[in-house]
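Subject: Structure for you to look at

Hi,

Here is the structure I promised to pass on. Please open it alongside this note.

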Amino acid sequence: MLLQASQSLVLLIDMQQKLAPAIFASKEVEQAAAWVLQVALQLDVPVWATEQYPQGIGATLPALAELIPETQVLQKMHFSALKEPHIASSLACTERKQIVVLGTEAHVCVLQSVMDLLALGYQVFVVVEAVGSRTEQNKQLALNRMQQAGAQVISKEMLAFEWLECCGTDTFRQISKGWIR
């Protein structure tokens with residue numbers, strides 16, 4: 001099962017201002033998420049974000065928020081984004097079957113959203129560099145559990161190469177800049 005840009009949607013889960021400082025390797029997770037969002041935008045892959053109780057946890061990190069259309073930032077109260085009827089129905093309306101998941105916390109909101117996505121029949125891809133938890137152990141436990149449930153745990157480069165499909169294009173050259181030195 002390879003990713004296809006035409007079938008994909010990126011879902012950034014709860015990378016919010018007041019939570020980010022508590023996340024292990026927070027800056028690296030944020031940078032990886034920003035990179036994935038930029039690649040998605042270059043390839044016309046829709047990008048969405050969720051915010052868990054933004055009145056308390058704050059808005060999406062500014063560097064990420066600028067990459068997501070304001071209308072695609074969806075608020076939630078449940079840990080799983082799919083428990084929110086407006087998110088589940090909006091997602092179904094896109095007819096995209098491959099959901100690329102980024103965000104925090106891996107062992108709470110990311111995990112529960114991934115489990116619900118899988119239960120609804122989506123193909124789920126979790127980008128390892130772009131998810132985080134307060135501890136590395138919780139992140140690893142969550143990644144293992146999501147993979148055992150059927151999610152594909154991938155790297156950001158795996159994602160990009162699968163979306164790109166071939167080399168020799170201007171898009172490939174633009175995105176791959178800096179990979180090979």
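This is a predicted model: local features need pLDDT of at least 70, side-chain atom pairs count only at pLDDT 80 or more; totals for chains, interfaces and linings use all residues.

Cavity. The count comes to 1 cavity of 30 Å³ or more. The largest cavity holds about 50 Å³ of space. Met 15, Gln 16, Ala 20, Ile 23, Ser 26, Val 29, Leu 61 and Thr 104 line it. By class, that lining has 5 nonpolar and 3 polar residues, and no charged ones.

Cysteines. There are 0 disulfides in the structure. Cys 166 is in none; its nearest cysteine sulfur belongs to Cys 167 and is 6.6 Å away. Cys 167 is likewise in no disulfide, with the sulfur of Cys 166 as its nearest, at 6.6 Å. A disulfide needs the two sulfur atoms within 2.5 Å. On accessibility, Cys 166 is partly exposed, at a relative accessible area of 43%. Cys 167 counts as exposed, at 57%.

Helix α6. This helix covers residues 136-149, 14 residues in total. From first C-alpha to last it reaches 20 Å, close to the 20 Å expected at 1.5 Å a residue. Which residues of α6 are buried? Lys 139, Ala 142, Leu 143 and Met 146 are. These four cover an arc of only 100° around the axis, so they sit on the same side of α6. In general, an α-helix has 3.6 residues a turn, so residues three or four places apart point the same way. The face of α6 turned away from the buried side carries the exposed residues Gln 137 and Gln 148.

Best wishes

Note on methods. Residues are numbered from 1 along each chain as its sequence is written. Side-chain values use heavy atoms; hydrogens and water are left out. On a 1 Å grid over the protein atoms alone, a cavity is a set of points where a 1.4 Å probe fits but cannot get out, and a pocket is an open set with protein on both sides within 12 Å along at least five of seven lines; lining residues have an atom within 4 Å of a point. Grid points are joined across faces, edges and corners, and a volume is the space filled by probe spheres set on the points. Ala, Val, Leu, Ile, Met, Phe, Trp, Tyr, Cys and Pro count as nonpolar, Asp, Glu, Lys and Arg as charged, and the others, Gly among them, as polar. Buried means under 20% relative accessible area, exposed over 50%, partly exposed in between (1.4 Å probe, protein chains only). Helices (H or I, at least four residues) and strands (E, at least two) are DSSP runs, numbered from the N terminus. The expected span of a helix is 1.5 Å times one less than its number of residues. The arc is that of the directions from the helix axis to the C-beta atoms.
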